Amino acid sequence: VGSQQGFMLSSSLLITVGALIGSSGAVLTDDMCKAMNRNILDVVMAPQKTGGPSEAKDYGAWTSIEVGALSKEMLESKSVVIVPGYGLAVAKAQYAIAEIADMLTKQGVKVAFGIHPVAGRMPGQLNVLLAEAGVDYNLVYEMEEINHKVPDADIVLVVGASDTVNSDAEDDPACAIAGMPVVQVWKSKKVVVLKRSMGSVGYAGVDNPVFYNENTDILLGDAKASCDALRGAIAAELGV
């Protein structure tokens, strides 16, 4: 649009700026398609057909956990991986989660953050938010790197993420996100998911079987409120 206006107004500046914005958007779209294992031409020219509403799956019951119990388990852990998602960005919970990571690190717990390439509103958003909150860049790992660390983690804390940690992407060929690389949180010893409600789903509109696994507990509530409560519970356990 900017380039078109530039041609209409004979403005070289508008033409240049419009071209830069357009090319940047194309590069960003291509990066997101690669992260989701999709061909950019298929996405642009032939959007995926859903074939109508899919039948809801029954994954069984889910289990909950209280903040007090979670704080004790995290302090007793040797390794904790934190996987933030869009929910963390919306709730602006990055400062609380950064303080939680700092307190755990000072107690000798190995803390790492795992970032999916398309987590957040756009690629790189969560990296920026964590940096803004003062998280050490050396603790932040990309998806491929963190997947090697997950099996050794005592707890993986998922904060406001769903599609990017959905095991159906690997296990169910009929799933809307089949083939999309994900953070394999279910391979850890225990998963704790901070989630607003069990009735909500991710952007793809599919439920996540990881939330119903035997090694998964759910902490319901707003991400910031839950992170604030967890930070307070950990501080209380440490007497600070």
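Tyr 95 is in contact (heavy atoms within 4.5 Å) with Glu 132 and Ala 133, leaving aside its neighbours within four places in sequence. Tyr 95 lies in helix α6. Helices (H or I, at least four residues) and strands (E, at least two) are DSSP runs, numbered from the N terminus. This is a predicted model, in which local features need pLDDT of at least 70, side-chain atom pairs count only at pLDDT 80 or more, and totals for chains, interfaces and linings use all residues. Residues are numbered from 1 along each chain as its sequence is written, and side-chain values use heavy atoms, with hydrogens and water left out.

**Confidence**

- The chain averages a pLDDT (the predictor's confidence in each residue, from 0 to 100) of 86.
- A score of at least 70 is reached by 78% of the residues.
- Residues 49–54 stay under 50 in pLDDT. The model has 0 contacts beyond four places in sequence for them.

**Tyr 95**

- Tyr 95 has a relative accessible area of 42% and is partly exposed. Buried means under 20% relative accessible area, exposed over 50%, and partly exposed in between (1.4 Å probe, protein chains only).
- Tyr 95 and Asp 228 are 133 residues apart in sequence. Their C-alpha atoms are 9.1 Å apart in space.

**Helix α7**

- Helix α7 spans residues 125–132, and its buried residues are Gln 125, Leu 126, Leu 129 and Leu 130.
- Seen down the axis of α7, these buried residues fall within an arc of 130°, so they line one face of the helix. The arc is that of the directions from the helix axis to the C-beta atoms.
- An α-helix has 3.6 residues a turn, so residues three or four places apart point the same way.
- Val 128 and Ala 131 are exposed, on the face of α7 turned away from its buried side.
- The cover over the buried residues of α7 includes β2 (79–84), α5 (86–91), α6 (94–106), β3 (110–115) and β4 (140–142).

**Nonpolar cores**

- The largest nonpolar core has 40 residues. Such a core is a set of buried Ala, Val, Leu, Ile, Met, Phe, Trp, Tyr and Cys residues joined through side-chain atoms within 4.5 Å.
- Met 74, Ile 82, Ile 97, Phe 113, Leu 157 and Val 159 have the most contacts inside this core.
- Helix α6 gives the largest share of this core, 7 residues.

**An aromatic pair**

- The count comes to 1 aromatic pair. Rings of Phe, Tyr and Trp (its six-membered ring) pair if their centres lie within 6.5 Å; planes under 30 degrees apart count as stacked, over 60 as edge-to-face and the rest as tilted.
- Tyr 59 and Tyr 212 form this stacked pair, 5.4 Å centre to centre, with 25° between the planes.
- Tyr 59 lies in the loop between α3 (40–45) and β1 (63–64), and Tyr 212 in the loop between β6 and β7 (216–220), so the pair ties together parts that are 153 residues apart in sequence.
- Tyr 59 is partly exposed at 24% relative accessibility, whereas Tyr 212 is buried at 16%.

**The loop between α9 and β6**

- Asp 172 is found in the loop between α9 (168–171) and β6 (191–195). Asp 172 is buried, with a relative accessible area of 17%.
- Gly 179 has its place in the loop between α9 and β6. Gly 179 is partly exposed at 36%.
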